[in-house]
Amino acid sequence: VRIVAYKGFWTDAIGGAEVTVDGEAFPRNQITWTIGDHAFTQDELLATTDVHWQWAEPATLTVSKPGGLKPGNHKVRVSVRFLEGTTPRSTFTRELILV
C-alpha cells in the first residue's frame with residue numbers, strides 16, 4: 001500500500017489496516033506491516049515512535065492465512081486508518097484483483 005497524503009507518517013500515527021480477501025475479513029493479529037526494513041504487528045505500530053513511513057515508499061501488508069490463497073483472481077480490499085492521538089484522522093480504502 002502507499003500513502004494517499006502528501007506527507008509521510010510516524011508509525012504510531014498508523015491506526016492499522018483492515019484486510020478482506022474475497023469477502024473474508026482477517027483479524028488485526030493476522031496482519032503484519034513491513035515499512036522499509038522494519039516489520040510490525042498492528043499493535044507494535046502504535047508503540048513504535050522512531051520509524052517514519054515516507055509518502056512515496058510502499059508498505060507491505062502480509063496476512064497470515066493457513067494454506068495461503070488458491071491460484072486465480074482474488075478481490076482484495078484494504079482500509080488503512082491514521083490517528084491523531086487516539087482519534088481516527090482519516091481512512092483510505094483500495095480494492096484490487098490479485099491474479
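Predicted model: local features only at pLDDT ≥ 70, side-chain atom pairs only at ≥ 80, totals over all residues.
Close-up 1. Residues are numbered from 1 along each chain as its sequence is written, and side-chain values use heavy atoms, with hydrogens and water left out. The side chain of Glu-24 meets that of Lys-65 in a salt bridge, at 3.1 Å from N to O. To count, a side-chain nitrogen of Lys or Arg must be within 4 Å of a carboxyl oxygen of Asp or Glu. Glu-24 sits in strand β3 (residues 24-26) and Lys-65 in the loop between β7 (59-63) and β8 (74-84), so this pair ties together parts that are 41 residues apart in sequence. Helices here are DSSP runs of H or I with at least four residues, strands are runs of E with at least two, and both are numbered from the N terminus. Lys-65 is partly exposed too, because its relative accessibility is 29%.

**Close-up 2. Arg-28 and Asp-43 in another salt bridge.** The structure holds two salt bridges. In the one between Arg-28 and Asp-43, the closest N and O atoms are 3.4 Å apart. That pair links distant parts of the chain: Arg-28 is in the loop between β3 and β4, and Asp-43 is in helix α1, 15 residues apart. Arg-28 is partly exposed at 35% relative accessible area, while Asp-43 is exposed at 53%.

**Close-up 3. Gln-42, tucked away in helix α1.** Gln-42 belongs to helix α1 (residues 42-47) and counts as buried because its relative accessibility is 0%. Leaving aside residues up to four places away in sequence, Gln-42 touches Gly-16, Ala-17, Arg-28, Ile-31 and Trp-33, where contact means heavy atoms within 4.5 Å. A polar atom of the Gln-42 side chain lies 3.5 Å from the backbone oxygen of Arg-28.

Close-up 4. Strand β4 (residues 31-35) pairs with strand β5 (residues 38-41) in the antiparallel sense, over four bridges; pairing requires DSSP to find at least two bridges between the strands. Across from Thr-34 stands Ala-39 in β5. Two residues lie between the strands of this hairpin, and Gly-36 in the turn has a positive phi of about 60°.

Terms used. Buried < 20%, exposed > 50% of the residue type's maximum accessible area, 1.4 Å probe, protein only. Polar contact = N/O pair within 3.5 Å; in protein donor to acceptor, adjacent residues only side chain to side chain.
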